[in-house]
Amino acid sequence: MAALRRALDWTFRSRVDGRITVGQWPNLPLWLFIGLTAAGFALDPAGAPGRAVRAGALLCLAWWALDEVVRGVNPWRRFLGAAVLVGGVVMWGSP
């Protein structure tokens with residue numbers, strides 16, 4: 001049981017402040033992603049503006065994910081950023 005506790009502690013404990021960190025309040029790239037995604041619902045997805053907003057949203061999400069991979073406060077946040085990057089590549093390649 002102690003080994004599991006140490007593994008969870010290592011995975012989720014912030015290297016910055018020592019607290020358990022699973023999620024954080026959105027930062028600028030994530031707020032931009034949320035805003036662009038919301039704006040995309042009002043646009044025709046097949047039209048040029050809709051495609052531009054979708055591309056902008058994906059770029060903002062990639063910005064956030066890459067930032068998490070590079071500067072995430074714990075291994076969980078870095079893994080989360082890497083998973084979102086992989087998911088973004090898959091989404092970008094889908095029609």
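This is a predicted model: local features need pLDDT of at least 70, side-chain atom pairs count only at pLDDT 80 or more; totals for chains, interfaces and linings use all residues.
1. A salt bridge here is a side-chain nitrogen of Lys or Arg within 4 Å of a carboxyl oxygen of Asp or Glu.

2. Where do R77 and E68 sit, buried or exposed? R77 is buried, at 5% relative accessibility. E68 is buried as well, with a relative accessible area of 5%. The cut-off for buried is under 20% relative accessible area, so both residues qualify.

3. The whole structure holds 4 salt bridges. Two others are taken up below.

4. D67 forms a salt bridge with R71. The closest N and O atoms are 2.6 Å apart. Both residues belong to helix α3, which covers residues 48-71. They are 4 residues apart there, so about one helical turn separates them.

5. D67 is buried, with a relative accessible area of 18%. R71 is exposed, at 60% relative accessibility. The dividing values are under 20% for buried and over 50% for exposed.

6. R19 and D17 form another salt bridge through their side chains, with 3.7 Å from N to O. That value is within the 4 Å limit, so the pair counts.

7. How exposed are R19 and D17? R19 is exposed, with a relative accessible area of 57%. D17 is partly exposed, at 45% relative accessibility.

Notes:
Residues are numbered from 1 along each chain as its sequence is written. Side-chain values use heavy atoms; hydrogens and water are left out. Buried means under 20% relative accessible area, exposed over 50%, partly exposed in between (1.4 Å probe, protein chains only). Helices (H or I, at least four residues) and strands (E, at least two) are DSSP runs, numbered from the N terminus.
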